[in-house]
Amino acid sequence: MASNSVRVAAAQMTSINDLAANFATCSRLVKEAVAAEAKLVCFPESFSFIATKNGESVKLTEPLDGPIMQRYCSLARESGIWLSLGGFQEKGSDDAHLRNTHVIIDDSGNIRSSYSKIHLFDVDVPGGRVYKESSFTEPGKDIVAVDSPVGRLGLSVCYDLRFPELYQQLRFQHEAQILLVPSAFTTITGQAHWEILLRARAIETQCYVIAAAQAGKHNENRESYGDTLIIDPWGTVVGRLPDRISTGITVADIDFSLIDSVRAKIPIAKQRKPIEFWKSSSL
């Protein structure tokens with residue numbers, strides 16, 4: 001690694017409705033990330049549990065200080081690595097709803113930050129099935145960025161990817177250097193849009209993008225696209241698993257000088273118009 005860079009890892013897995021099995025997979029991937037000298041390993045949405053039938057996820061929700069998340073805190077502490085845990089089933093404000101929460105844990109096992117998914121997946125997938133995440137999930141309201149040893153992280157979850165305003169806020173108002181997009185994309189939408197949307201977010205914000213993905217068949221009713229990616233601020237894919245649906249990690253070095261160089265040569269932060277400009281512009 002160059003002196004002005006730091007290594008990150010992005011994990012790909014096929015979570016099931018078994019907390020212990022998923023934790024065992026995460027533990028193995030954390031060991032691989034540590035062996036690769038990564039300072040942060042990113043896991044996909046629903047890393048700890050993917051339900052087989054309706055209502056399963058809501059039944060096992062816990063607060064962030066509950067035993068499930070505390071086990072992952074212990075894993076981070078014992079392994080000496082930061083964890084990005086893509087989408088945890090956090091207990092909601094009532095018994096019928098959860099929060100889809102992205103949790104950042106430091107290498108001492110402390111929760112540094114958490115973000116609840118703002119944009120919920122209420123979609124009729126063309127050629128696929130109908131999803132209504134809002135039927136059991138309450139949306140978040142806060143934009144979240146947090147400092148880490150690998151740079152300033154901007155947090156999001158999966159379907160957020162289709163809403164560039166969030167990432168514009170993370171870059172220009174919250175000074176993010178790395179955008180985290182843990183996901184469980186459907187195979188149909190993933191095939192059509194996954195990589196192009198991720199590369200667009202990287203290019204238009206001049207940030208690294210780390211997109212840890214669920215992959216393959218979770219059960220008879222659910223399958224995820226996979227294709228875990230790490231993308232640099234120029235839009236180049238710098239980390240990718242060779243097999244789109246395998247379990248494993250990809251690693252890449254976050255090059256801070258590249259971030260600075262891209263931003264200096266194409267100074268969009270200075271050139272972009274404030275929201276007031278667009279409000280006052282005549283159509």
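Strand 1 (5-12), strand 2 (40-45), helix 3, strand 3 (82-91) and strand 16 (248-255) are among the elements that cover the buried residues of helix 1. Helices (H or I, at least four residues) and strands (E, at least two) are DSSP runs numbered from the N terminus, and contact means heavy atoms within 4.5 Å. This is a predicted model, in which local features need pLDDT of at least 70 and side-chain atom pairs count only at pLDDT 80 or more, while totals for chains, interfaces and linings use all residues. Residues are numbered from 1 along each chain as its sequence is written, and side-chain values use heavy atoms, with hydrogens and water left out.

**Helix 1**
- Helix 1 has 17 residues and reaches 24 Å from first to last C-alpha, close to the 24 Å expected at 1.5 Å a residue (1.5 Å times one less than the number of residues).
- Its buried residues (under 20% relative accessible area with a 1.4 Å probe, protein chains only; exposed is over 50%, partly exposed in between) are Asn 22, Phe 23, Thr 25, Cys 26, Ser 27, Leu 29, Val 30 and Ala 33.

**Aromatic pairs**
- The whole structure holds 8 aromatic pairs (Phe, Tyr or six-membered Trp ring centres within 6.5 Å; planes under 30 degrees apart are stacked, over 60 edge-to-face, the rest tilted).
- Phe 23 and Tyr 72 form an edge-to-face pair, because their ring centres are 5.0 Å apart and their planes at 80°.
- Phe 23 belongs to helix 1 (residues 19-35) and Tyr 72 to helix 3 (residues 67-79), so this pair ties together parts 49 residues apart in sequence.
- Phe 23 and Tyr 72 are both buried.
- Phe 121 and Tyr 159 have ring centres 5.1 Å apart and planes at 70°, so this pair is edge-to-face.
- Both Phe 121 and Tyr 159 are buried.
- Ring pairs join Phe 23, Phe 47, Tyr 72 and Phe 88 in a cluster.

**Charges over rings**
- Arg 272 sits over the face of Phe 172, 4.0 Å from the ring centre (the criterion is NZ of Lys or CZ of Arg within 6 Å of the centre and within 35 degrees of the ring normal).
- Lys 273 lies over the face of Phe 277, at 5.5 Å from the ring centre.
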